[in-house]
Amino acid sequence: MAVQRKGFRLPIIYRLFFLLLEPMSALAGAYFNHFRQTHYLRLLNGASAPSDASTLPLSTSVAMSQLANMYFFFAINEAFVLRSTWDMRVWRTVLLMLLIADFGHLYSMKELGPRIYYDVLGWNAGDWGNVPWVYAGATLRICFLAGVGLGDSKRKQG
């Protein structure tokens with residue numbers, strides 16, 4: 001006799017963010033870090049960015065392509081792993097790892113000074129992707145891990 005899998009209702013905000021918006025955002029980060037390196041660096045910190053691609057050190061270009069690969073990994077890991085399982089333990093594990101990465105990402109911005117974390121009026125397009133977008137992801141991960149909105153939604157193996 002086949003065991004029927006109980007349906008799982010993940011709140012729309014979690015589905016939309018974790019399965020669509022965040023992976024697409026990470027793909028955009030991969031694109032800019034690999035194909036638009038000087039543009040990305042100008043958004044990160046215009047004062048220290050090279051004026052054009054010809055003045056970008058080779059080591060910086062390689063490091064940025066490696067970062068692009070990590071953004072790509074982040075995107076496919078979140079999109080594919082979370083879509084492939086009904087096991088809440090896997091969801092919690094993946095989202096906990098990403099939450100730790102959120103804190104690491106925010107910590108990596110520390111050299112830009114403390115204002116980077118709160119100066120909303122001073123943020124450029126790159127800052128919006130590197131700070132409040134990460135705040136949003138971290139907040140949703142914390143909510144998910146705390147069970148907010150999940151009710152009795154338990155993924156059951158069948």
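Predicted model: local features only at pLDDT ≥ 70, side-chain atom pairs only at ≥ 80, totals over all residues.
**Overall fold**

I started with secondary structure and got six helices and zero strands. Reading from the N terminus, I wrote the order down as α-α-α-α-α-α. For the extent, I took the C-alpha atoms along the principal axes, and they fill a box of roughly 65 × 30 × 20 Å.

Residues 24 or more positions apart account for 73% of them.

**Annotated span**

I looked up the UniProt record, an unreviewed entry, and it puts "domain: DUF7704" at residues 9-148. In the model that span is 72% helix and 0% strand, and its end C-alpha atoms lie 13 Å apart.

**Surface and charge**

I noted 158 residues in the protein, with 37% of them buried. The accessible surface came out at about 9600 Å², and carbon and sulfur atoms hold 66% of that.

Then I went through the charges: 15 positive and 9 negative, with mean positions 12 Å apart.

**Salt bridges around Arg-141**

How many salt bridges does the structure hold? I have six on the list. I went to Arg-141 and Glu-22, whose side chains meet at 2.6 Å, N to O. Arg-141 sits in helix α6 (residues 132-145) and Glu-22 in helix α1 (residues 12-35), so this pair ties together parts 119 residues apart in sequence.

Buried or exposed, I wondered about Arg-141? Arg-141 has 0% relative accessibility, so I put it down as buried. Glu-22 is buried too, at a relative accessible area of 4%.

I also found Arg-141 in a salt bridge with Glu-78, where the closest N and O atoms are 3.7 Å apart. Glu-78 belongs to helix α3 (residues 58-84) and Arg-141 to helix α6, so here the parts tied together are 63 residues apart in sequence. I logged Glu-78 as buried, with a relative accessible area of 0%.

**Arg-89 and Asp-87**

I checked another pair: Arg-89 forms a salt bridge with Asp-87, with the closest N and O atoms at 2.6 Å. Arg-89 is exposed at 59% relative accessibility, whereas Asp-87 is buried at 11%.

Which residues do salt bridges with shared partners join into one network? I wrote down Glu-22, Glu-78, Asp-102 and Arg-141.

Terms used: Residues numbered from 1 in each chain as written. Heavy atoms only, no water. UniProt positions renumbered as here; feature names shortened; annotations may be inferred. Helix = DSSP H or I, 4+ residues; strand = E, 2+ residues; numbered from the N terminus. Buried < 20%, exposed > 50% of the residue type's maximum accessible area, 1.4 Å probe, protein only. Contact = heavy atoms within 4.5 Å. Areas by Shrake-Rupley, 256 points an atom, 1.4 Å probe, with all protein chains shown as cover. Lys, Arg positive; Asp, Glu negative; His and termini not counted. Charge placed at Lys NZ, Arg CZ, Asp CG, Glu CD. Salt bridge = Lys/Arg side-chain N within 4 Å of Asp/Glu carboxyl O.
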